[in-house]
Amino acid sequence: LRKSPQGIKRSKLEAIAKQLGLSMSNIGHEPTYIKTTDPKLRPLTIPGHAGDIKVGTARCIIDQLLSCVDEWEIHLNEQSE
């Protein structure tokens with residue numbers, strides 16, 4: 001997705017967020033996903049409008065999702081020690 005962020009739908013990014021353990025919260029004006037445990041991740045906002053997400057916005061969301069993956073890796077490594 002990072003290499004080709006054109007044409008990304010909100011549902012695709014939401015599915016990835018849910019796979020990373022984030023759940024929807026009622027904070028903010030746009031749909032926001034949070035995780036408060038295992039590890040504590042930053043809130044992630046995914047615009048709730050229909051259609052494709054703008055390329056720049058998609059890149060930012062993808063970067064934050066990748067940061068979530070990194071945080072999970074760190075957390076799991078700490079758990080295995």
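Is Lys9 buried, partly exposed or exposed? Lys9 is partly exposed, at a relative accessible area of 42% (buried is under 20%, exposed over 50%, partly exposed in between; 1.4 Å probe, protein chains only). This is a predicted model: local features need pLDDT of at least 70, side-chain atom pairs count only at pLDDT 80 or more, and totals for chains, interfaces and linings use all residues. Residues are numbered from 1 along each chain as its sequence is written, and side-chain values use heavy atoms, with hydrogens and water left out.

**View 1. Lys9 and Asp52 form a salt bridge.** Their closest N and O atoms are 2.6 Å apart (cut-off: a side-chain nitrogen of Lys or Arg within 4 Å of a carboxyl oxygen of Asp or Glu). Lys9 lies in the segment before H1 and Asp52 in the loop between E3 and H2, so the pair ties together parts 43 residues apart in sequence. Helices (H or I, at least four residues) and strands (E, at least two) are DSSP runs, numbered from the N terminus. Asp52 is partly exposed, at 40%.

**View 2. Arg10 and Glu14 meet in a salt bridge.** The N to O distance is 3.9 Å. The two residues are 4 apart in helix H1, about one helical turn. Arg10 is partly exposed at 28%; Glu14 is buried at 13%.

**View 3. Strands E1 (residues 23-25) and E2 (residues 32-35) pair in the antiparallel sense.** They share 3 bridges (pairing needs at least two DSSP bridges). Met24 stands opposite Tyr33. The hairpin has 6 residues between its strands, and Gly28 takes a positive phi near 80 degrees.
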